[in-house]
Amino acid sequence: SNPPVAPEISSSVALDFVLIGRTSAFLLLHQARAERFFRSDHTNNWAVLVCTSRFWFNYRHVANTLSVYRSVKRLGIPDSHIVLMLADDMACNHRNPKPATVFSHKNMELNVYGDDVEVDYRGYEVTVENFLRVLTGRLPPSTPRSKRLLSDDHSNILIYLTGHGGNGFLKFQDSEEISNVELADAFEQMWQKRRYNELLFIIDTCQGASMYERFYSPNLMALASSQVGEDSLSHQPDLAIGVHLMDRYTFYLLEFLEDIHPASQANMNDLFKVCPKSQCVSTPGHRTDLFQRDPGSVLITDFFGSVRKVEITMETINLTPHTETALAYVDQLPVAQIIHQKPKQKDWHPPDGFILGLWTLILLVFFRTYGIKHLKHIF
Amino acid sequence: TTVTGTRGRSAAVAIAALVIAAGIPLWWKTTETYRAWLPAARISELEALQLELRVEVEVVFARGTLSPEQQKKVPASRITYESCCKSKSLCLVEADHALHTLTETSCGSVVIYIIPEASALLPQDMRVYVGRSRTALLRSQVASVVGAGLPEVLAALDPQMEQVLQTMSFNHQDVTAALTDRLRPGLSTRDSLADSMRAFKSSPGYEITFSLLNPDPKHHQLHWDVEAALDAYIYPLLHKMAPVANFSVDSQILYYAVLGVNPRYDASASAYTLSADSLAHVINPVEARLGSNAASSNPVLNFLLYVPDSLHSPLIIRNDQKQEVASNAFHSPRWGGIMVYNVDGAYGNDTQFPVDIAIDMSRVMGVFLSQLRLMLGFQQTGAPPGFVLEAAGREGVAEWELDRLLWSRSVENVATASASITSLAQLLDQIANIVINDNIAQQVASAVTALQAAVAELEAGNLALALEHSREAISASERAFFDPSLLHLLYFPDDQKFAIYIPLFLPMCVPILLSLLKIFREVQQHRAEKRAKRD
């Protein structure tokens with residue numbers, strides 16, 4: 001190797017190396033570093049909000065879902081992380097005396113439809129199959145990003161279901177139903193692929209507690225508006241609109257959530273106290289045995305909001321400013337190539353009349369050979 | 001009547017025989033779900049998978065480290081290197097660069113050069129120098145061990161070499177961090193959990209978006225030459241990461257985009273400040289306006305450059321100890337980073353608005369590059385005492401840092417792919433009425449083959465091939481697990497099955513059974529009569 005000669009020589013280094021054979025190493029040594037404290041393990045939040053009933057008299061179910069959607073958006077979860085499924089359109093329904101509004105309270109105090117609603121699955125797209133596909137991720141490749149649940153192993157997911165239900169099932173669109181076994185299996189498949197870190201499941205239907213009886217995957221917390229054998233009741237009708245506006249449980253849930261702001265420290269024990277029997281007539285239930293953290297240490301904003309973990313960037317890389325190079329047009333396509341493109345290949349068809357002539361020829365040959373008397377059998 | 005009776009009997013028996021012999025198998029076959037064969041034995045082998053990682057290490061002794069007797073025992077091939085360098089600090093870099101050109105290093109291997117204790121190459125208190133490309137210089141006093149053979153020399157070097165390899169290749173903590181979601185909770189430390197939370201999980205592709213937020217276009221007319229800056233600073237890193245994933249980069253400018261937090265004015269610093277706890281609420285209002293590529297499901301990294309409006313300039317970020325942050329930037333795990341760029345120094349009070357401002361892209365990209373490295377999985381390695389780690393510089397990442405990432409990615413891919421396959425097999429076992437198409441079976445088979453190949457390559461020490469196989473394995477296993485056809489038949493409870501079959505089969509089966517019973521009783525009676533006649 002040639003030593004490079006420099007004009008000023010302040011030090012020179014000469015190293016003579018002797019090559020030794022190759023060795024291999026297999027290591028296993030544990031090093032401890034300083035501990036850092038993270039209160040919860042999630043880095044992003046998702047919400048799947050489903051309303052399963054159609055028809056005008058089920059206005060309250062759409063209002064339920066939209067009020068949870070509104071709270072979740074207000075507390076910070078962006079639309080790209082919310083999958084909203086509404087089985088029917090109440091705001092623009094022909095029977096709505098106040099079009100483009102969905103109210104949650106009589107006297108029309110709160111319009112939960114707002115002006116910034118993004119519905120991902122609407123009308124007849126809300127089916128059991130689509131719901132399970134969203135949860136498990138088994139969507140056809142052509143599904144756009146807004147219709148997918150792109151959660152990872154550090155996502156906290158809020159799932160809210162409302163509609164008409166019974167003991168062990170929830171009715172979709174008045175024509176099919178999802179059973180609690182299917183739901184539990186779907187959550188297990190989500191856990192197998194680590195599609196959630198923690199999951200909060202809220203259901204507001206009749207006999208809602210039966211839907212979370214069969215869960216067996218870890219890190220699930222469930223709330224229901226009524227126990228098995230009880231009916232979930234609606235709140236109050238509005239005489240101008242003509243239907244019941246909201247269900248009791250979600251009405252008091254909305255009232256509770258309106259007091260929560262992104263920096264709030266309210267925890268799940270407060271959520272369990274929402275809508276006691278005196279207000280709700282049915283007995284709300286909850287299930288926390290599959291959840292690893294203590295519910296008192298779980299903040300409401302862990303599921304309903306989207307509080308990001310943030311770290312200050314301490315390291316930077318020193319980059320030298322890059323000198324401007326003149327734009328080179330080398331990469332552009334020559335004009336000739338742009339203009340003279342190859343003509344599109346058209347399929348070749350035989351010229352017109354050719355087929356007619358061919359068949360005439362065949363018929364003539366036939367009758368020449370076998371005699372004209374067969375003609376009457378043809379026509 | 002006996003003729004018609006026998007004819008009737010034989011007809012009934014024939015019908016019953018037809019129903020049982022042909023009908024039941026036909027019904028069974030036509031209502032069975034098509035399940036292609038899965039290699040169940042190989043899949044169950046995967047559950048007990050043992051990973052062995054092998055690093056190829058080449059040890060090169062310099063003159064003066066070995067005594068002449070030891071030198072004679074060593075397979076010798078001499079390489080002479082001599083250089084004269086301008087100043088002592090540059091010597092190391094030049095020496096490292098020249099040494100790199102001397103020996104060929106493949107992906108995943110490490111070359112350690114042992115230099116004598118008295119060498120002037122390293123500063124006095126430093127024992128190890130790790131260069132930019134898989135080489136390390138280790139200062140040791142092996143020559144003082146007189147009369148020892150080669151194995152003893154190597155054994156004496158072992159602890160130091162192990163420390164070098166743990167910094168350059170992988171250690172127990174990295175491996176457990178790569179496996180965090182597959183391990184029982186409690187096995188991984190809090191720190192490795194923090195690292196695994198920050199970096200994105202292994203994915204076939206990533207989307208990177210650079211956004212310039214200008215809340216005050218009336219006063220600031222910003223120019224940023226982002227294409228040239230990306231070409232110069234970001235694309236080299238992404239090209240190096242091509243074996244790991246595909247990247248798609250885009251950029252945008254957002255006008256009238258404000259941060260969601262009101263900064264407080266601090267008179268002592270005469271600047272507006274954002275404290276560390278308010279930073280968490282900055283991201284959400286902005287994210288709604290960022291947008292993303294609707295066609296792909298890849299994870300998105302967002303890098304935002306925020307230029308504060310003239311009323312709130314300058315804006316500085318304070319950390320927990322109320323000190324200024326040099327970079328004036330912060331990042332959020334698995335999301336991206338935000339940098340605040342103050343332009344109040346570029347103009348005075350009486351200039352005509354809007355002011356043309358050109359953004360210094362090298363400073364901006366320096367911050368974004370370091371944030372990008374964190375998001376992609378290059379950890380902030382704390383160098384052990386006595387180590388000098390060469391900074392990555394313009395290329396963005398050193399070869400050994402990339403190797404480190406490749407090791408942990410390969411392990412993560414292998415673990416995720418094997419977990420997917422085993423859980424898919426378990427799922428298909430449990431739910432008997434899911435149709436398994438041929439393409440799923442094919443994907444599973446190819447995933448299993450690729451997994452076994454990846455494990456074999458990891459054992460042999462070929463990191464590049466191992467990564468390729470592990471990527472194949474994970475993409476095949478994800479495609480198999482998330483195939484849309486695996487949802488075809490939903491759950492049928494047993495009572496519903498009975499409710500469907502009974503009205504169909506019962507009216508048909510009752511006459512057959514009754515006639516068979518009748519025939520049986522007649523035959524018995526006939527036999528009893530025959531016996532009575534005989535007696």
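Chain B exposes about 25,700 Å², and carbon and sulfur atoms supply 57% of that area. Accessible areas come from the Shrake-Rupley method with a 1.4 Å probe; for residues, only the protein chains shown count as cover. This is a predicted model: local features need pLDDT of at least 70, side-chain atom pairs count only at pLDDT 80 or more, and totals for chains, interfaces and linings use all residues. Residues are numbered from 1 along each chain as its sequence is written, chains are lettered from A and ligands numbered from 1 in the order in which they are written, and side-chain values use heavy atoms, with hydrogens and water left out.

**Chain B overall**

- Of the 535 residues of chain B, 50% count as buried. Buried means under 20% relative accessible area, exposed over 50%, and partly exposed in between (1.4 Å probe, protein chains only).
- Chain B holds 14 helices and 16 strands. Helices (H or I, at least four residues) and strands (E, at least two) are DSSP runs, numbered from the N terminus.
- Take the contacts in chain B between residues at least 6 apart in sequence: 79% of them join residues at least 24 apart. Contact means heavy atoms within 4.5 Å.

**Nonpolar cores**

- The largest nonpolar core has 79 residues; Phe210(B), Ile234(B), Met241(B), Leu305(B), Ile359(B), Met365(B) and Leu372(B) touch the most other members. Helix α10 (residues 361-376) of chain B gives the most to this core, with nine residues.
- Apart from that core lies another, of 52 residues, including Val68(A), Leu254(A), Leu271(A) and Cys280(A).
- A nonpolar core is a set of buried Ala, Val, Leu, Ile, Met, Phe, Trp, Tyr and Cys residues joined through side-chain atoms within 4.5 Å.
- Neighbours within four places in sequence aside, the contacts of Phe210(B) include Trp224(B), Leu230(B), Ile234(B), Val249(B), Phe303(B), Met365(B) and Phe368(B). Asp250(B), Ser251(B) and Gln252(B) are also among them.

**Surface patch**

- Phe498(B), Ile502(B), Leu506(B), Val510(B), Leu514(B) and Leu517(B) form a nonpolar patch on the surface, with about 580 Å² of accessible area together.
- Patches are made of residues with over 30% relative accessible area and no salt bridge; like charges are joined within 9 Å, nonpolar side chains (Val, Leu, Ile, Met, Phe, Trp, Tyr) within 5 Å.
- Leu506(B) sits in helix α14 (residues 494-534) of chain B. Leu506(B) counts as partly exposed because its relative accessibility is 47%.

**Salt bridges**

- The count is 26 salt bridges over all chains. Each is a side-chain nitrogen of Lys or Arg within 4 Å of a carboxyl oxygen of Asp or Glu.
- Asp152(A) and Arg334(B) form one of them (3.4 Å, N to O). The pair crosses between chains, from the loop between α2 (128-136) and β5 (155-162) of chain A to the loop between β13 (329-332) and β14 (336-340) of chain B. Asp152(A) and Arg334(B) are buried.
- A network of salt bridges links Asp152(A), Asp153(A), Lys201(B), Arg334(B), Arg409(B) and Glu412(B).
- Glu478(B) and Lys193(A) form a salt bridge (2.5 Å, N to O). Glu478(B) lies in helix α13 (residues 463-481) of chain B and Lys193(A) in the loop between α3 (180-192) and β9 (198-204) of chain A, so this pair also joins two chains. Glu478(B) is partly exposed at 27% relative accessible area, while Lys193(A) counts as buried at 10%.
- Asp174(A) and Lys171(A) form a salt bridge (2.6 Å, N to O). Asp174(A) is partly exposed at 46% relative accessibility, and Lys171(A) is partly exposed at 28%.

**Strands and sheets**

- In chain A, three strands form an open antiparallel sheet in the order β6-β7-β8. Its edge strands, β6 (165-166) and β8 (176-179), each pair on one side only.
- Strand β7 (residues 169-172) of chain A pairs with β8(A) over four bridges, in the antiparallel sense. Phe169(A) stands opposite Ser179(A) in β8(A). Two strands pair if DSSP finds at least two bridges between them.
- In chain B, four bridges join strand β7 (residues 220-223) to β15(B), and the two run parallel. His220(B) stands opposite Val355(B) in β15(B).
- Strand β15 (residues 355-358) of chain B has a covered face, Val355(B) and Ile357(B), and an uncovered one, Asp356(B) and Ala358(B). In a regular strand the side chains alternate between the two faces of the sheet.
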